[in-house]
Amino acid sequence: MSTQETSIIYTLTDEAPRLATASFLPIVQAFARSADIRMQSSDISLAARILAQFNDSLPEGQRVPDTLAELGKKTLQPDANIIKLPNISATVAQLKAAIKELQGKGYKIPDFPEKPATDEEKAIRARYDRCTGSAVNPVLRQGNSDRRAPKAVKEYARKHPHKMGEWSAASRTHVSHMKRGDFYNDELSMTVHGAREVRMELITKAGKAIVLKPKVALNDRDVIDSMFFSKKALLEFYEEQIEDARKTGVLFSLHVKATMLKISHPIVFGHCVRVFYKEAFAKHAKVLEELGVNVNNGMVDLYNKIAKLPKSVQDEIRADLHACHANGPELAMVDSDKGITNFHSPNDVIVDASMPAMIRNGGKMYGADGRLKEVKAVMPESTFARIYQEMINFCKWHGAFDPTTMGTVPNVGLMAQGAEEYGSNDKTFEIAEDGTVNITDNASGEVLLSQQVEQGDIWRMCRTTDAAIRDWVKLAVTRARNSNTPVVFWLDPYRPHENQLITKVKMYLHEHDTTGLQVEIMSQVRAMRYTLERVIRGLDTISATGNILRDYLTDLFPIMELGTSAKMLSIVPMLAGGGMYETGAGGSAPKHVEQLVEENHLRWDSLGEFLALAVSLEELGIKNQNQTAVVLAKALDAATGKLLENNKSPSRRTGELDNRGSHFYLALYWAQELAAQKDDAALAAKFAPLASQLAENEARIVAELNAVQGKSVDIGGYYLPDVAKLDAVMRPSATLNEALAALK
Ligand SMILES: NC(=O)C1=CN([C@@H]2O[C@H](COP(=O)(O)OP(=O)(O)OC[C@H]3O[C@@H](n4cnc5c(N)ncnc54)[C@H](OP(=O)(O)O)[C@@H]3O)[C@@H](O)[C@H]2O)C=CC1
Ligand SMILES: O=C(O)CCC(=O)C(=O)O
Ligand SMILES: [Mg+2]
């Protein structure tokens, strides 16, 4: 056994994963102690991040450290070992709700300034803006991404397939995207020669230079892109698509990624809402303006703000909005029971999760009457929308995928150092007036890239570092070699950015021995078709993609193959040498919290946590010559396999085994595996009593865990639950708690 204590950082996040952690982390802490590993928690929840923004003004007892910044620094150290659970990427509505909850708990934080006017309000708003959207993952993801379904999980899905909706060749479901005027068209891209600093500026028609961003430092050989979204073309596109959906009688559904693309996509979303409700918005323009309604934040913003008006005025606005529904196409619903449409909030229908769910349902989404219907899925930006149309074409021809036979599609994603679009939020701007946007070398004044834009267009610069690309190619080759699987780089030679990447991929492939490996480069649509032809023949294919497709494909294929992306292994080998182990490829499942609070049943599946923890322990063991950690990891993997085999994953139904029960079984199997293994006799002896105690008390513990279900519970808050209350709710079995406490 090693004598030096090492640590694994386990993140505390939000919603369902935060609840699950209250039950699971104490188990992990008890087991890890035996290998001298300290499980250190790090609170990066939305609530903690908000409070950290006001450290300088909060009274002494209310200050919290800026854990996200600290964790960000940690990712740059070679010994980083972080288990990262999904967190909320907050909308403005969620942020405001969190602020209200914190204020209600006595935290002296300011209100959210809707329309900041004074310098002080602007400064407060800037702090709050740091908490919205995908504020966590880009800070921590200091490496490329390796996501795949572990063998045991894939085998389980083959034996116990989830339900798939039927596809008909006559389905009218389709994807609509722009054919001109979006980021894909007219993009410019180049590889920079020599490290330099550039600025971005808008030169107006009158010749005035408005600096958009004064300084971005680039390294030698980085790839930079300049691209814009034409507001005019976007509005025309929406008009056509709304009318087409109305005429043809399919649901209208808008799919954006407003969390990650938190500057551009809320604007893209807001334009659609305004076009859809244009008559009502025109009629009530004055009052909506006075209220400061901003539907870039969704219709929820409008409904919240009109609630202050006299009832008669509210009724009139609502009636006019309803008239737009009556005269327009039917909208896809997020929650038909509660009348929540696709336009409610820009973060409700996120491309990566929503498109696969629709395809898994046979190409259907819910209408207002709660029935499944064919859809026009509107994804304005064509760059990646086309892959979904290709999959839909395939399903219409071939029928639904069969999880019992289909191959698997792991992903190696280019993600490090804010790669591509997902790193562009600080370089994205809504253009104030017509002119030219230039990316200009600060030292020489040379204009590197230049584009004509109009007022209201969305312009952005993306940057992808050479180091990230080089590491991505290495990771793709390593994964192909280790799993003996063909790898396809999804790169489109007709897109300037990807054309730059093709040159680099070809160059960096020469740094590796690729003898005997099948390595291909194909445009996205061809790559999708090629991969799907293999998938239906049971063949596996690694997709090596850019950052957005990493995100999209690691929900899309797992949702087809496994029913959910929560069961993925998601590893980020950091460029600095450390590792981050993300728990699954999905989000924080807000609906699960509702069920826990109302019925004290948590259906969250922690399989992603189990898988991540095993890799984290193994890595730590190898790096620190801590054999005990390696034994713990091996036993955990075996226990996870047994949990799947014995069907001890959480049920969706209240009264049956839930998240807490699955944690108990994991602890039981893990202890049994440790007691039975022969590699470390001292460890076996230590865990033998726990294994028998848990086995003997199985019925009692399960009864204690299930008995509490069926009644509502109080966890003392949504964004900042009360730790004592949460622990009490999530650890209701005294027998299990005592057994764990006895493990020294
Ligand atoms: N890595 C990260 O930090 C990520 C964060 N997010 C954020 O998470 C939030 C919620 O996102 P949303 O789009 O609703 O997507 P989610 O992935 O959270 O939820 C979609 C559905 O997937 C199922 N699901 C997801 N994870 C699990 C699990 N572990 N066990 C069982 N079922 C699961 C649930 O289905 P059912 O309810 O039918 O059981 C859930 O309702 C947003 O704020 C989003 O931005 C999103 C992606 C990644
Ligand atoms: O950070 C986020 O908002 C979501 C990230 C995501 O969807 C993913 O990485 O799969
Ligand atoms: Mg995703």
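This is a predicted model: local features need pLDDT of at least 70, side-chain atom pairs count only at pLDDT 80 or more; totals for chains, interfaces and linings use all residues.
Biologist: Which residues come nearest to ligand 1?

Modeller: The shell around ligand 1 divides into eight nonpolar, eleven polar and four charged residues. Of the 23 residues around the ligand, those that come nearest are Ser89, Ala566, Gly586, Gly587 and Asp605.

Biologist: Are H1 and H26 roughly parallel or roughly perpendicular to each other?

Modeller: Helix H1 (residues 15-33) packs with helix H26 (residues 723-730), their axes lying 9 Å apart and meeting at an angle of about 70°. Angles of 65 to 115 degrees count as roughly perpendicular, and the two helices, H1 and H26, are therefore roughly perpendicular.

Biologist: Which residues make the contact of H1 and H26?

Modeller: The crossing of these two helices, H1 and H26, is right-handed. On the H1 side the contact is made by Leu19, Ala22 and Ser23, and on the H26 side by Leu726, Asp727 and Met730.

Biologist: Which helix gives the largest share of the side of domain 2 that touches domain 3?

Modeller: The C-alpha centres of domain 2 and domain 3 lie 32 Å apart, and the contact takes 14 residues from each of them. On the domain 2 side, H18 (524-535) and H19 (547-561) each supply at least two residues. The largest share of that side, eight residues, comes from H19.

Key. Residues are numbered from 1 along each chain as its sequence is written. Chains are lettered from A and ligands numbered from 1 in the order in which they are written. A residue is near a molecule or strand if its C-beta atom, placed from the backbone, lies within 6 Å of it. Ala, Val, Leu, Ile, Met, Phe, Trp, Tyr, Cys and Pro count as nonpolar, Asp, Glu, Lys and Arg as charged, and the others, Gly among them, as polar. Axes are lines fitted to C-alpha atoms, for helices over the stretch in contact, and angles run from 0 to 180 degrees between N-to-C directions. Helices (H or I, at least four residues) and strands (E, at least two) are DSSP runs, numbered from the N terminus. Angles under 35 degrees count as roughly parallel, over 145 as roughly antiparallel, 65 to 115 as roughly perpendicular and the rest as oblique. A crossing is left-handed if the near helix is turned anticlockwise from the far one by less than a right angle, and right-handed if clockwise. Two residues are in contact if their C-beta atoms, placed from the backbone, lie within 7 Å. Domain bounds come from an automatic or database domain assignment.
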